[in-house]
Amino acid sequence: MLFKDEAGQLGLLNLHCAHRGADLSYGRVEDGGLRCIYHGWLFDVKGKCLQQPAEPPGRQFCERVRQKAYPVRELGGMIFAYLGEGEPPVLPEWECLTAAPEHRFMVRSLERCNWLQGLEGDLDPYHLSFLHLAMKADIQAARGTRDAQHYEFFRRGIPRMEIEFTEFGVRIYGMRDLDNQAYLRISNYIAPNIAAVAGGAEGDGYMMVWHVPIDDEHHFKYRLDFRRTEQPPRFDSQIQWTPGAENLPPRRLETRWLQDRAEMKDKWFAGLGSDFGLHDNWATEAMGPMYDRSQEHLGHGDRGIGRR
């Protein structure tokens, strides 16, 4: 149960009250903490029991009870929690997390598949030449815009790939030859569940993606677009999710992602519109909630995925 007390301090407590197991997400924020509405027990952000209204004065039963609490910190517009034992590790203060809010843009989506399927898709350099490919009509429509180069280099064949092991995971290099220059795309796997990859063609920055498990067959994907010297584009993503099952996006498994066969002829290779995040959502959810890895046949182009 995540909450802020009246002073604005963050607290993350076990969901069920240490008294009789009532659900603290229904509690009241008051008197320096979170009060259970069942019997009025009050806990601060550290899990310390402050009040037990039914206990006699002077009994000091409060001192013998603690609600399990977890360290939390707000950074980069997100709240990070440490759910392990002992002291939490240092939270990396990456540039994208410490930059001013106007230099980053966050999209959260609910992915109805295992978190590893989503993570692997974000690290794969070869699918860009097919899944995200813009066809002739859409490239012509983008002429003179920043998107034009972004769409064009995906058409320049299959990239050469090199792999480097790092202290944090794996770095994947993909090189494409353009007319008078080369395009180098670098993807980083940061253990255990983060991908740091190139963002759009515009601006100087990158994209950080967290795949956060909910259970074996669902996870949240947090995508943070970061730009150093300008604002990243704000847009209404076709995969953005807000709480409530009724808020699933129109393009999803049940609607076959509204694939348009006419669009496949001259606009978008996959017929799934222009949202790259939605393309990736199709790839990983259409495999099923948890794909049977024994059915895979990994090849030369899958070396980066196999090394994570």
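This is a predicted model: local features need pLDDT of at least 70, side-chain atom pairs count only at pLDDT 80 or more; totals for chains, interfaces and linings use all residues.

Biologist: What makes strand 1 and strand 2 a pair?

Modeller: Two strands pair if there are at least two bridges between them. Strand 1 and strand 2 are joined by three bridges, and therefore they count as a pair.

Biologist: What is the order of the open sheet of four strands?

Modeller: That order is 3-4-5-6, again with antiparallel pairing. Strand 3 (28-30) and strand 6 (49-51) are the edge strands, each pairing on one side only. Strand 5 (residues 42-43) is joined to strand 6 by two bridges, and L42 stands opposite Q51 in strand 6. The cut-off is at least two bridges, so two bridges are enough for a pair.

Biologist: How many bridges join strand 15 to strand 16?

Modeller: There are 10 bridges, and the two strands run antiparallel. A hairpin of two residues leads from strand 15 to strand 16. One of the bridges sets G205 against R227 in strand 16. Strand 15 also pairs with strand 14 in the antiparallel sense, over four bridges, where V197 stands opposite M207 in strand 15.

Biologist: Why is the pair of F80 and W210 called edge-to-face?

Modeller: A pair of aromatic rings is described by the distance of the centres and the angle of the planes. Rings pair if their centres lie within 6.5 Å, and planes over 60 degrees apart count as edge-to-face. For F80 and W210 the centres are 6.1 Å apart and the planes stand at 65 degrees, so the pair is edge-to-face. The pair links distant parts of the chain, with F80 in strand 9 (residues 78-81) and W210 in strand 15 (residues 205-215), 130 residues apart. Both F80 and W210 are buried.

Biologist: How many aromatic pairs are there by this rule, and which residues do ring pairs link into a cluster?

Modeller: The count comes to seven aromatic pairs. Ring pairs link W41, F43 and F61 into a cluster.

Biologist: How do you know that R59 lies over the face of F61?

Modeller: CZ of Arg must be within 6 Å of the ring centre and within 35 degrees of the ring normal. R59 lies over the face of F61 at 4.9 Å from the ring centre. Likewise, R108 lies over the face of F220, at 4.8 Å from the ring centre.

Biologist: What is said of the phi of Q60?

Modeller: Most residues other than glycine have a negative phi, and most peptide bonds are trans. Phi of Q60 is near 60 degrees, a positive value in a residue other than glycine. Q60 lies in the loop between strand 6 and strand 7. L258 also has a positive phi, near 50 degrees, and its place is in the loop between strand 16 (218-227) and helix 5.

Biologist: Where is there a cis peptide bond?

Modeller: The bond from A191 to P192 is cis, with omega near 0 degrees. P192 lies in the loop between strand 13 (182-190) and strand 14 (194-197).

Biologist: Why is Q60 called partly exposed?

Modeller: Buried means under 20% relative accessible area and exposed means over 50%, with partly exposed in between. Q60 has a relative accessible area of 44%, so Q60 is partly exposed. L258, at 43%, therefore counts as partly exposed, and D302, with 26%, is partly exposed too.

Biologist: Which residues make the nonpolar surface patch?

Modeller: F130, I158 and F269 make this patch of about 290 Å². Residues of a patch need over 30% relative accessible area. F269 has 35% relative accessibility and so counts as partly exposed. F269 lies in the loop between helix 5 (263-266) and helix 6 (276-285).

Conventions:
Residues are numbered from 1 along each chain as its sequence is written. Side-chain values use heavy atoms; hydrogens and water are left out. Patches are made of residues with over 30% relative accessible area and no salt bridge: like charges are joined within 9 Å, nonpolar side chains (Val, Leu, Ile, Met, Phe, Trp, Tyr) within 5 Å. Accessible areas come from the Shrake-Rupley method with a 1.4 Å probe; for residues, only the protein chains shown count as cover. A salt bridge is a side-chain nitrogen of Lys or Arg within 4 Å of a carboxyl oxygen of Asp or Glu. Buried means under 20% relative accessible area, exposed over 50%, partly exposed in between (1.4 Å probe, protein chains only). Rings of Phe, Tyr and Trp (its six-membered ring) pair if their centres lie within 6.5 Å; planes under 30 degrees apart count as stacked, over 60 as edge-to-face and the rest as tilted.
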